[in-house]
Each structure stands twice: as structure tokens, then as C-alpha cells.
Amino acid sequence: MSRSAAGAPGGPPATGGDPRRPWVVGVSGASGTPYAAAVLRGLLAADLPVDIVVSRAARLTLLDETGIGWRDGAWRDPLASWLRTRLDGRPRADAAEVAARVDRLVDVHPPDDMGARPSSGSYPTQGMIVVPASTASVAGIALGLSKDLLQRAADVTLKEGRRLVVVPREMPYTRATLRHMLDLDAAGAVVAAASPGFYAGARAAEDLVDFVAGRVLDAAGVPNTLFRRWTGELGAARTAPARTTDLGDGPRRAPTSG
Ligand SMILES: Cc1cc2nc3c(=O)[nH]c(=O)nc-3n(C[C@H](O)[C@H](O)[C@H](O)COP(=O)(O)O)c2cc1C
């Protein structure tokens, strides 16, 4: 069960008199849990509150891709572990800061809790990011099925005219999924496929993940420094020093030759 969020209807008052107005992040059961982790890290780096819904199928992808067993009733440790672990399994240097921000900024709602706060438009949110988005979730949101809290929260986001960013991860796409993506676009969502670019000087898979997460946060309007932006100079990113990731875990090592 999720706790009462500060500033939420029925929850404790928010500090400073401001209602807590989170981003809702829906993690559905497509491959690509590192994309979700990078988006969550970016939101926490921007010091923004986040409400998370992990679909039932996403528990399988999370277990498959990270070895983490997700539990909605005891999510703090799995979440902190997910966000502090690199793709190669090494811990990040900013683990303590990530854990502190998880404690301060994050709330989690079970996907079958249709009475949770994100199921109502009267719950104030900034908007929602579905990352990664399975083709099933793409379809469900496009058709307004609201078969679980993730899809209902996305439907609410659209009906309230708030920003919805959907990040499909599949290849190739069926005609049905392509149609659903067009429908989402027509409904006002941003369809931002998990499609990494190679112009930002990627040196590791993690850079490609951060590129996608950074562009997703751009689409949401969340300031981020997850990737190196285009400067107009061909080859500049390739020869630039390795960048620093945004929660302060130090510069990545430059590639060695040979
Ligand atoms: C290991 C694994 C990987 C999967 N990868 C994808 C994927 O990349 N894209 C996709 O659309 N579905 C993928 N699926 C299938 C979805 O999990 C399935 O369609 C599920 O019903 C989605 O439910 P949800 O949208 O409620 O999370 C995968 C399933 C498993 C078990």
C-alpha cells in the first residue's frame, strides 16, 4: 500500500504551503528497465517528486534485466538498489544521495490499486511518463482501456490536458502499434520511441540509455544534463572529455586505445 503523500488530498500538508505535484512514472512490461531507471534518476536529480506505478508484467522484465524482485508493499530497497546499480552491476558512487532522494521524493502505487491517487484527475500532477511502454500499454492507453492503474493514470493525464510522454520499446512495430502511436499523438501525447542517437559521443551502453532518458525528459520539459547536446560542430562530442553524470558520480573514464 502507498503512503499518504505530502500535499496530496487526504495526505499531510506539503512544506512551504505548495501541494506536492509529482510526475507519475509508469513502468510497463517492455524490455528497457534501464531507461526507466535513468528517467527516475533524472527526475530525482532535478529534485522533483515522483509517483511510480510498476505494472505486473514489468516485475518480470525487472527481474529478468536486473535480478531485482519488485514488491509494491516494500519498494524502498528494490527501488534504491535499481537506481544505484550500473548496467555492469557496479554500484554508483551516489548511492547515498539517491537513497535520500527516494525517501524524500518518491511514492509507489500498486498497479491493481484503482483507487490510488493517480486514478483521479483531481490529484494534481505535472504529467506522466510511461517508460518503457509495452505495445500492450501503448494500445491500452490509445484505446482508453484503463485496465490497470498505469493505463488509468495515463488516461487521466490525457483527459486533464497534462503532458504525457510514452516511450515504446519494440521492434519491428506491427501496423496496429503504429496506428496506436498515431492515435496517441493525435490525443496530445508525445510518442518518444526508445531510439538512442549516436551523435552525443556515447562510449558505453549506459550513455545510450542516458541519451534516451534525457530526450524523454526534454519531451516532458524537465531540465536535465543526462547527455551531451548537439553544438553544431561535427565530431565535437567524439573528441570531448567524458561527461559527468548528474547525481555527481564522477566523470566516466575516457576510452583507452587498442
Ligand atoms: C522478458 C520480457 C520482455 C518483454 N519485452 C517486451 C518488449 O520489449 N516490448 C513489448 O511491447 N512487450 C514486451 N514483453 C511483453 C509484455 O510484457 C506483455 O505484452 C505484457 O502483457 C505487457 O503488460 P503491461 O503493458 O501491463 O506491462 C516482454 C515480456 C517479457 C516477459
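User: Why is Tyr 199 called partly exposed?

Analyst: Tyr 199 has 15 C-beta neighbours inside 10 Å. A residue is buried if 20 or more other C-beta atoms lie within 10 Å of its own, exposed if 12 or fewer, and partly exposed in between, with C-beta atoms placed from the backbone. The count of 15 therefore makes Tyr 199 partly exposed. Before we go on, this is a predicted model: local features need pLDDT of at least 70, side-chain atom pairs count only at pLDDT 80 or more, and totals for chains, interfaces and linings use all residues. Residues are numbered from 1 along each chain as its sequence is written.

User: What makes Arg 215 buried or exposed?

Analyst: Arg 215 has 22 other C-beta atoms within 10 Å, so it is buried. This residue is found in helix 8, while Tyr 199 lies in the loop between strand 6 (190-191) and helix 8 (205-220). Helices (H or I, at least four residues) and strands (E, at least two) are DSSP runs, numbered from the N terminus.

User: Which residues does the UniProt "binding site" annotation cover?

Analyst: The unreviewed UniProt entry gives Tyr 199 and Arg 215; such annotations may be inferred rather than shown by experiment. The two are spread over 17 residues of sequence, yet they cluster in space, with a largest C-alpha distance of 12.9 Å.

User: Which residues does Tyr 199 touch, not counting those up to four places away in sequence?

Analyst: Tyr 199 touches Trp 230 and Ala 237 on that basis. Contact here is C-beta atoms, placed from the backbone, within 7 Å of each other.

User: Why do strand 3 and strand 6 stand at the edges?

Analyst: The open sheet has six strands in the order 3-2-1-4-5-6, with parallel pairing. Two strands pair if DSSP finds at least two bridges between them. Strand 3 (106-109) and strand 6 each have a single partner strand, so one side of each is left without a neighbour in the sheet.

User: How do you know that strand 5 and strand 6 pair?

Analyst: DSSP pairing asks for at least two bridges, and strand 5 (residues 163-168) and strand 6 have two bridges, in the parallel sense. Within this pair, Val 166 stands opposite Val 191 in strand 6.

User: Which helix supplies the largest share of the shell around the ligand?

Analyst: That is helix 2, with five residues. The ligand is surrounded by 16 residues, the closest being Ser 28, Gly 29, Ala 30, Ser 55 and Ala 57; a residue counts as near if its C-beta atom, placed from the backbone, lies within 6 Å.

Note on methods: Contact = placed C-beta atoms within 7 Å.
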